[in-house]
Amino acid sequence: MNAATHDLGVPSVKSLRNAIRQRVHEYCARQEFVPPLLLEELEEHAGCVLKCSDISPAFKKFVAVLVGNEVWRSTVARTPYERRILLLPRCLRSSKGCRAESDALGLLCAECGRCSIGKIQHEAERLGYVVLVAEGTTSVTA
């Protein structure tokens, strides 16, 4: 599988991303993971996925993230929505005309419709999630 990537090693083509997700899902279904896995373990399993398929090594970091997602899938699925938090990056906001205010924790979306944050936040809150639009890593880890 080949396609242009951007700096993070994520395939730019949606169908390729989905095909890789499917391969990772199939690989992980044959494993008996107990989370959490160390970064080295995620990278090792990503390497196995790459070896067992025709996925470009340029996507190894992306595959490692997908392996991590699969490892935690059943744990997250068992967690009720009202006990979850959705952390959104502030960079999703519209740089032109954003009417949101900020506080010590992050962005307070005005739901103006200029970006996807309001829609995502509304749907997540409807399900019971707590949503935080964080400035960056410092806000999230504080």
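Me: Is His-45 buried or exposed?
Reply: Buried means under 20% relative accessible area, exposed over 50%, and partly exposed in between, with a 1.4 Å probe and protein chains only. His-45 counts as buried because its relative accessibility is 15%. This is a predicted model, in which local features need pLDDT of at least 70, side-chain atom pairs count only at pLDDT 80 or more, and totals for chains, interfaces and linings use all residues. Residues are numbered from 1 along each chain as its sequence is written, and side-chain values use heavy atoms, with hydrogens and water left out.

Me: Which residues does His-45 touch, not counting residues up to four places away in sequence?
Reply: Contact means heavy atoms within 4.5 Å. On that count His-45 touches Tyr-27, Gln-31, Phe-33, Leu-37 and Val-67.

Me: In which helix is His-45 found?
Reply: Helices (H or I, at least four residues) and strands (E, at least two) are DSSP runs, numbered from the N terminus. His-45 is found in α2. The chain has 5 helices and 4 strands, in the order α-α-α-β-β-β-α-β-α from the N terminus on.

Me: How do α2 and α3 cross?
Reply: Two packed helices are described by the angle between their axes and the distance between the axes. Axes are lines fitted to C-alpha atoms, for helices over the stretch in contact, and angles run from 0 to 180 degrees between N-to-C directions. Here the axes of α2 and α3 come within 8 Å and cross at roughly 110°. Angles under 35 degrees count as roughly parallel, over 145 as roughly antiparallel, 65 to 115 as roughly perpendicular and the rest as oblique. The two helices, α2 and α3, are therefore roughly perpendicular to each other.

Me: Which residues of α2 and α3 meet?
Reply: From α2, Leu-42, Glu-43, His-45, Ala-46, Gly-47, Val-49 and Leu-50 meet Lys-60, Val-63, Ala-64, Val-67 and Gly-68 of α3.

Me: Which residues of the largest nonpolar core touch the most other members?
Reply: In soluble globular proteins, nonpolar side chains tend to be buried together. A nonpolar core is a set of buried Ala, Val, Leu, Ile, Met, Phe, Trp, Tyr and Cys residues joined through side-chain atoms within 4.5 Å. The largest one has 18 residues, and Ile-20, Val-24, Val-49, Ile-55, Val-63 and Val-67 touch the most other members. At least two residues of this core come from each of α1 (14-29), α2 (39-51) and α3 (60-78). The most, 6 residues, come from α3. Another core, of 7 residues, lies apart from it and includes Leu-107, Ile-117, Ala-124 and Val-131.
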